[in-house]
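Morning, everyone. I have one model to walk through today. Let me put it up.

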Amino acid sequence: MAINEDTPSGGNTPNGGKTPSGQTIQPMTASDIDAILEIEQKSFPKPWTRGMFESELRNHVSSAYTIKTSGGGKERIVAYIVYWMAHGEAHILNIAVDPAHRRQGLARTLLEVSLERMRVHLIYEVFLEVRVSNAAARGLYNAFGFKESYERKGYYGDEDAIVMRLEM
Ligand SMILES: CC(C)(COP(=O)(O)OP(=O)(O)OC[C@H]1O[C@@H](n2cnc3c(N)ncnc32)[C@H](O)[C@@H]1OP(=O)(O)O)[C@@H](O)C(=O)NCCC(=O)NCCS
């Protein structure tokens, strides 16, 4: 079951839900999880489990979207994002891009579309945690104007987190 039946494309991506390079942004569904777990394992020291994604798909405050490419007549997931929206606040829980497709603007596209959707839902602040050592993600969030608020010691067990906040 998709978390949200509305696609983020409406009004957000002028090309009918397609990114500038032709990928499509779609709500995440249970049938996407196998492909997502492969990217997850290549992306994080402590990857999410299948159960964690399934739980987000059931959670009514959760939104989850994928970017898919089509090559050779087959669609393939290359990026995804998961976030919560509640009481005017949003929390980005997960964002990852297949290593073979990084530095092509996919995370930027996912964030742009997600922040636009959050604005439509009258979200006024967005939070996330990031590993202190994660220069790529910190660079991405800084580029969107997220500010580093404070550190959560031992948040990841093996590393501290920086809590970042964006005022909308
Ligand atoms: C972080 C991540 C999602 C970025 O995805 P991406 O699609 O490669 O990022 P984009 O191409 O959209 O980059 C957008 C901007 O982010 C910043 N950025 C992205 N990768 C970066 C890197 N390796 N180093 C420094 N800045 C980087 C840059 O400002 C970049 O803009 P530019 O290319 O014009 O310089 C990707 O590296 C990833 O999946 N990492 C593993 C999972 C992860 O750490 N997720 C975040 C958890 S908090």
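Helices are DSSP runs of H or I, at least four residues, strands are runs of E, at least two, and both are numbered from the N terminus.

Two notes on the source. This is a predicted model: local features need pLDDT of at least 70, side-chain atom pairs count only at pLDDT 80 or more, and totals for chains, interfaces and linings use all residues. Residues are numbered from 1 along each chain as its sequence is written.

Back to H1, residues 33-43. Ile33, Ile36, Ile39 and Glu40 are buried there. They sit on the same side of H1, because they cover an arc of only 120° around the axis. That arc is taken from the directions from the helix axis to the C-beta atoms. What covers them? The cover includes helix H2 (50-58), strand S3 (74-86) and strand S4 (89-97).

Now the whole chain. The protein chain has 4 helices and 7 strands. The order is β-α-α-β-β-β-α-β-α-β-β. Of its 168 residues, 30% are buried. Contacts here mean C-beta atoms, placed from the backbone, within 7 Å. Among contacts between residues at least 6 apart in sequence, 53% join residues at least 24 apart.

Next, the core. A nonpolar core is a set of buried Ala, Val, Leu, Ile, Met, Phe, Trp, Tyr and Cys residues joined through C-beta atoms within 7 Å. The largest one has 38 residues, and Ala79, Tyr80, Ile81 and Leu110 touch the most other members. Elements supplying at least two residues each include H1, strand S2 (62-71) and strand S5 (125-131). Leaving out residues up to four places away in sequence, Leu110 touches Tyr65, Ile67, Ala79, Ile81 and Ile95.

Then the ligand. Its shell has 20 residues, and Arg102, Ala107, Ala136, Gly139 and Leu140 come nearest. A residue is near if its C-beta atom, placed from the backbone, lies within 6 Å. S4, helix H3 (106-120) and helix H4 (135-143) each give two or more residues. H4 gives the largest share, 6 residues.

Last, His60. His60 is in the loop between H2 and S2. His60 counts as exposed because it has 8 C-beta neighbours inside 10 Å.

Terms used:
A residue is buried if 20 or more other C-beta atoms lie within 10 Å of its own, exposed if 12 or fewer, and partly exposed in between; C-beta atoms are placed from the backbone. Two residues are in contact if their C-beta atoms, placed from the backbone, lie within 7 Å.
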